[in-house]
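Please look over the notes below alongside the model.

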Amino acid sequence: MISAFYNGKSILITGATGFLGKVMMEKLLRTSPDLKVIYILVRPKAGQTLQQRVFQILNSKLFEKVKEVCPKVHEKIRAISADLNQHDLAISKEDMQELLSHTNIIFHCAATVRFDDHLRHAVQLNVTATQQLLSIASQMPKLEAFIHISTAFANCNLKHIDEVIYPCAVEPKKIIDSMEWLDDAIIDEITPKLIGDRPNTYTYTKALGEMVLQQEGGNLNIAIIRPSIVGATWQEPFPGWIDSINGPTGLIVAAGKGFLRSIRATPMAVADLIPVDLVINLTLAVGWYTAVHRPKSTLIYHCTSGNLNPCHWGKMGFQVLATFEKIPFEKAFRRPNADFTTNNITTHYWNAVSHRVPAIIYDVYLRLTGRKPRMTKVMNRLLRTLSMLEYFINRSWEWSTYNTEMLMSELSPEDQRVFNFDVRQLNWLEYIENYVLGVKKYLLKEDMAGIPEARQHLKRLRNIHYLFNTALFLIAWRLLIARSQVARNVWFFIVSFCYKLLSYFRASSRLKV
Ligand SMILES: CCCCCCCCCCCCCCCC(=O)SCCNC(=O)CCNC(=O)[C@H](O)C(C)(C)COP(=O)(O)OP(=O)(O)OC[C@H]1O[C@@H](n2cnc3c(N)ncnc32)[C@H](O)[C@@H]1OP(=O)(O)O
Ligand SMILES: NC(=O)C1=CN([C@@H]2O[C@H](COP(=O)(O)OP(=O)(O)OC[C@H]3O[C@@H](n4cnc5c(N)ncnc54)[C@H](OP(=O)(O)O)[C@@H]3O)[C@@H](O)[C@H]2O)C=CC1
């Protein structure tokens, strides 16, 4: 039923080149190959034109399965040049006309997801662009539904979060206006006051974005999806696909490569991870439900795992490390072994001993061998990332999921199977193993044939580690003996004790003969 609904439709997706957007395009094309067209708003980036970007995406591994059911996949995608940083989204007149007269459904995924983005930029992307898209949407006569992707952490200043829009202290309109005339220095100064007890500009501006939808949605048929921490695919189009380094993925890479040795995290805090294919299944089901059933008010759907099938960071970390034993990453800096600490002092200690000192030693080695030092820079970046993510790995939240569960009960058995978003069916251990494997294959693009060599490399690292520790112990001991009478006495006692033990064994073996 849901598949049939999208057939013949013209669908507009923003953020289609991003992590969620790609999985959404793939699923739509695979399950509704007779859809009319998918308009995607794309900007040229990294020296590539939009056509080159789209070509690269459609020819990637993710889209291999789609081509079996929809060979003319290229013809179904219409890339429209746009920049959400620009006031009018920088869409040409002709393209705008086409969008206005044909679009049936909008999925608004584009956003800045950087936690440290400057407030001005975060407001432009996550608030102003949403406002402008709403204004465009309100001129679309054929529009049936406007689906907005927010985040479950938009209200992370609360402990229990319901499927409602919570107001922010300052009206989004006022924030948008002030960003026009305030200079960067003043914005920097007021940012902590505005974001209040939220940890970053991302969560704050996503909350403002929701308010804009509520206040300026007019008669539009709107729904909001709030996913928690989005991870690799669970089942579709195949398990473990991921190409984004955001969230836990960057830390999995850092742990697997041996950079990440210690992390300030609460092992019993809920790791509210949710697979990306599950998020997309829910989103497409919401698109159908919103368009067909036209709920009286804007419904919000939490796409979270914690209340239905909880996993904890401790369990996740353990399983990630266990997977590295089977599937090691190539060219690791050290053997993967990341510990969780919960206290500030041990965090500082391990950061110094396990992160900074090895980086400095390695950079000295690089310098001595005539190469450019780089490890300290990598470590600094890792520590900065850790400090940004810590907020989310030391707390647990409760999200109510009434609307999501209501929607599940509205689906036919066939739709429940094809657009499965029932997280209770997910086996975490299996999922995390596939996730780590997917990070190796699809993000790091490492060949599975290289696993024996990666294992050998880890063995060499282990031997170097033992050798290094022994040498360090002997040097420290030698220095201690040279300086301390007590250490000398202990040393003398140990040596004479060993000597006596040896003499005793020798004498007793002679007596036996
Ligand atoms: C033992 C294990 C335990 C595991 C335990 C895990 C616990 C983990 C809890 C997480 C909990 C999160 C909960 C969030 C819930 C939301 O709603 S999340 C939305 C998702 N958003 C994020 O995750 C954004 C977080 N990241 C950031 O804000 C920024 O990356 C940081 C952390 C500020 C770092 O910024 P930065 O140092 O400037 O680094 P950045 O430029 O971003 O990237 C560094 C490199 O990665 C590359 N890169 C960046 N993005 C990408 C991408 N998407 N794809 C590919 N490459 C990329 C860049 O190109 C760059 O490479 P170079 O150009 O230097 O060669
Ligand atoms: N990933 C996660 O863990 C979570 C994500 N979400 C939400 O899901 C949505 C998608 O996130 P995700 O796919 O991970 O994010 P990505 O960073 O992977 O993708 C962001 C998308 O937005 C586009 N975009 C950014 N700036 C502009 C711009 N100026 N003009 C046009 N397009 C732009 C990007 O285009 P380009 O490729 O050109 O940069 C990209 O397609 C977001 O709304 C996010 O808040 C919610 C919860 C968790």
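**Notes on cavities and annotated segments**

1. The largest cavity has a lining made up of I274, L278, H302, C303, T304, L308, T401, T404, M408, F421 and V423. A cavity here is a set of points on a 1 Å grid over the protein atoms alone where a 1.4 Å probe fits but cannot get out, and lining residues have an atom within 4 Å of a point.

2. This is a predicted model, in which local features need pLDDT of at least 70 and side-chain atom pairs count only at pLDDT 80 or more, while totals for chains, interfaces and linings use all residues. Residues are numbered from 1 along each chain as its sequence is written, and side-chain values use heavy atoms, with hydrogens and water left out.

3. The largest cavity holds about 60 Å³ of space, the volume being the space filled by probe spheres set on the points. At least two lining residues come from each of strand 11 (299-303) and helix 16 (402-410); helices (H or I, at least four residues) and strands (E, at least two) are DSSP runs numbered from the N terminus.

4. The structure holds 3 cavities of 30 Å³ or more.

5. Residues 464-484 are 95% helix and 0% strand, with end C-alpha atoms 30 Å apart. Residues 490-507 are 100% helix and 0% strand, with end C-alpha atoms 26 Å apart.

Definitions and conventions
Chains are lettered from A and ligands numbered from 1 in the order in which they are written. On a 1 Å grid over the protein atoms alone, a cavity is a set of points where a 1.4 Å probe fits but cannot get out, and a pocket is an open set with protein on both sides within 12 Å along at least five of seven lines; lining residues have an atom within 4 Å of a point.
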